[in-house]
Amino acid sequence: MSVAELDVRVGGRFRIVFGGPQGTDHEVQGIYKEVVAANRKLVFTWTWPSTTPERESLVTIVFKAAGGGTELDFRHEQLFDEQVRDDHKRGWSGTLDKLERFLTNQ
């Protein structure tokens with residue numbers, strides 16, 4: 001990740017730039033629609049500025065205490081079509097797998 005700009009509050013914006021598998025940069029950005037205190041819930045729009053026309057989808061993440069850790073309920077909705085849905089599923093699955101490995105090794 002080469003850029004991570006986060007203004008985590010309702011109406012705040014985020015912008016993330018990260019490298020892809022072929023060495024190309026990808027940029028995503030959005031606006032926080034809901035931020036529930038105590039790290040319980042985030043809802044934000046998700047847009048790729050390079051997409052023409054720009055398409056907006058919605059991400060909802062709910063955090064729940066579970067045993068000695070945290071359970072994550074993750075939903076990405078309002079995706080443009082099945083191909084976009086499948087691409088995002090693959091990307092999010094890889095990211096969450098990496099997060100799990102990182103947290104397991106701490």
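Reader: What makes the nine residues F14, I16, V28, Y32, F44, W46, V59, I61 and W92 a nonpolar core?

Author: In this predicted model, these nine residues form the largest nonpolar core. The name applies because such a core is a set of buried residues of listed types, Val, Ile, Phe, Trp and Tyr among them, joined through side-chain atoms within 4.5 Å. Buried here means under 20% relative accessible area.

Reader: Which elements give two or more residues to this core?

Author: They are β2 (13–19), β3 (25–36), β4 (41–47) and β5 (56–66).

Reader: What does V59 touch, leaving out residues up to four places away in sequence?

Author: V59 touches L42, V43, F44, W46, F74, R75, H76 and W92.

Reader: What makes β1 and β2 a pair?

Author: Four bridges join them, in the antiparallel sense. The cut-off is at least two, so β1 and β2 count as paired. E5 has R15 in β2 as its bridge partner.

Reader: How are β3 and β4 joined?

Author: Five bridges join them, and the strands run antiparallel. V35 stands opposite L42 in β4. β3 and β4 form a hairpin with four residues between them. In the turn, A38 has a positive phi of about 65°.

Reader: In what order do the six strands of the open sheet stand?

Author: The order is β1-β2-β3-β4-β5-β6, with antiparallel pairing.

Reader: Why do β1 (3–6) and β6 (69–77) stand at the edges?

Author: Each has a single partner strand, so one side of each is left without a neighbour in the sheet. Neighbouring strands of this sheet are turned by 25° against each other on average, direction ignored.

Reader: Where does helix α1 lie?

Author: Helix α1 (residues 82–104) lies across β4, β5 and β6. The helix runs at about 165° to β6.

Reader: What pattern does the protein chain follow along the sequence?

Author: The pattern is β-β-β-β-β-β-α. The secondary structure comes to one helix and six strands.

Reader: How many of the 106 residues are buried, as a percentage?

Author: Buried residues make up 20% of the protein chain.

Conventions: Residues numbered from 1 in each chain as written. Predicted model: local features only at pLDDT ≥ 70, side-chain atom pairs only at ≥ 80, totals over all residues. Heavy atoms only, no water. Buried < 20%, exposed > 50% of the residue type's maximum accessible area, 1.4 Å probe, protein only. Contact = heavy atoms within 4.5 Å. Axes fitted to C-alpha atoms, helices over the stretch in contact; angles between N-to-C directions.
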